[in-house]
Amino acid sequence: MSVRVLIADDEAHLAEHLRDRLVALWPAIEVLPLAANGLEALHAINEHEPEVAFLDIRMPGLTGLELAGRIDTRTHVVFVTAFDQYAVEAFDRDAVDYVLKPVTDERLARCVERLKAKLAASQPAPALDDVLARLARALPGAASGRLRWVRASKGEEVRQIPVDDVLYFQASDKYTCVITREGESLIRLPLAELAAQLDAELFWQIHRSTLVNMNEVASTRRDLGGRLFVKLKDGRTELAVSRAYAHLFKQM
């Protein structure tokens, strides 16, 4: 009997890599069409009732944790995460397994063997309430509800960037540019949606298209036309402050 597997990850090339390695290690599976976000994954799970779901913990729409909380015991969950130093301690592999990014064949093979054993024994997937609560506490930013890391693309590379290292975020069509001292990367998330996940005391909106890390602001200046700018501590970056946000800097 074929085992139906769902893979949900907003980074398409990572999802495709995981699919290819899974098929190589477990030829009997049927991989459903890849889900690009949590809402697509929820729809696919409700429609196809897969035996196994590999869920990226950080996804737009619904996170992997939020999605797992809506799955009943017909589907065994495996989390895909880059947050090993934060989350691994919280996993209870009797209840829910995990694989780390970048996924290795050795780690994935161990996960596959555990899944095969559970399915062969006709074990229902356990309730995940306790595990999800532990994971939510262990993951970056969970205690405050704010992001501590962002996953951003630079060319073909996906970088894990501490939010504290970000100089500023800037809107770019449907993307958001992440600017650090090391350069520029992209997040496939609108600025407004990203802003809701950041610490508003640290990241100030200074323009409809710009959020600046206030720990990186060195000074402000006005030009002859009265326009306000903030100068960053890198010594070369100046960002325009729109009139709607100029009042934030009256004390500077």
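In which sense do β1 and strand β2 pair, and over how many bridges? In this predicted model, the pairing of β1 with β2 (residues 29-31) is parallel and comprises 3 bridges. Within this pair, V5 lies opposite V31 of β2. Strand β1 itself spans residues 3-8 and is mostly covered, with 5 of its 6 residues buried. β1 also pairs with strand β3 (residues 52-56), again in the parallel sense; this pairing is made over 4 bridges. Here I7 of the pair faces F54 in β3.

The loop between β1 and α1 contains E11. The relative accessibility of E11 is 8%, and because buried means under 20%, E11 counts as buried. When residues up to four places away in sequence are left aside, E11 touches R151, S153, V158 and R188.

Helix α5 covers residues 105-120. With 16 residues at 1.5 Å a residue, α5 should span 22 Å, and the distance of 22 Å between its end C-alpha atoms agrees with this. Buried positions in α5 are R107, L108, C111, V112, L115 and K118. Viewed down the axis of α5, the buried residues fall within an arc of 135°, so they line one face of the helix. The elements against which these buried residues pack are α1, β3, β4 (76-81) and β5 (97-100). E106 and A120, on the other side of α5, are exposed. Just after α5, a positive phi of about 55° is found at S122.

A further element of the model is an open sheet of 3 strands in the order β13-β14-β15, paired in the antiparallel sense. Its edge strands, β13 (217-222) and β15 (238-241), each pair on one side only. On average, neighbouring strands of this sheet are turned by 30° against each other, direction ignored. Strand β14 (residues 228-232) is joined to β15 by 4 bridges, and the two run antiparallel. In this pairing, F229 stands opposite A240 of β15. Strands of a sheet pair through backbone hydrogen bonds, in either the parallel or the antiparallel sense. The pairing of β1 with β3 is parallel, whereas that of β14 with β15 is antiparallel.

Conventions. Residues are numbered from 1 along each chain as its sequence is written. This is a predicted model: local features need pLDDT of at least 70, side-chain atom pairs count only at pLDDT 80 or more; totals for chains, interfaces and linings use all residues. Side-chain values use heavy atoms; hydrogens and water are left out. Buried means under 20% relative accessible area, exposed over 50%, partly exposed in between (1.4 Å probe, protein chains only). Two strands pair if DSSP finds at least two bridges between them. Contact means heavy atoms within 4.5 Å. The expected span of a helix is 1.5 Å times one less than its number of residues. The arc is that of the directions from the helix axis to the C-beta atoms. Axes are lines fitted to C-alpha atoms, for helices over the stretch in contact, and angles run from 0 to 180 degrees between N-to-C directions.
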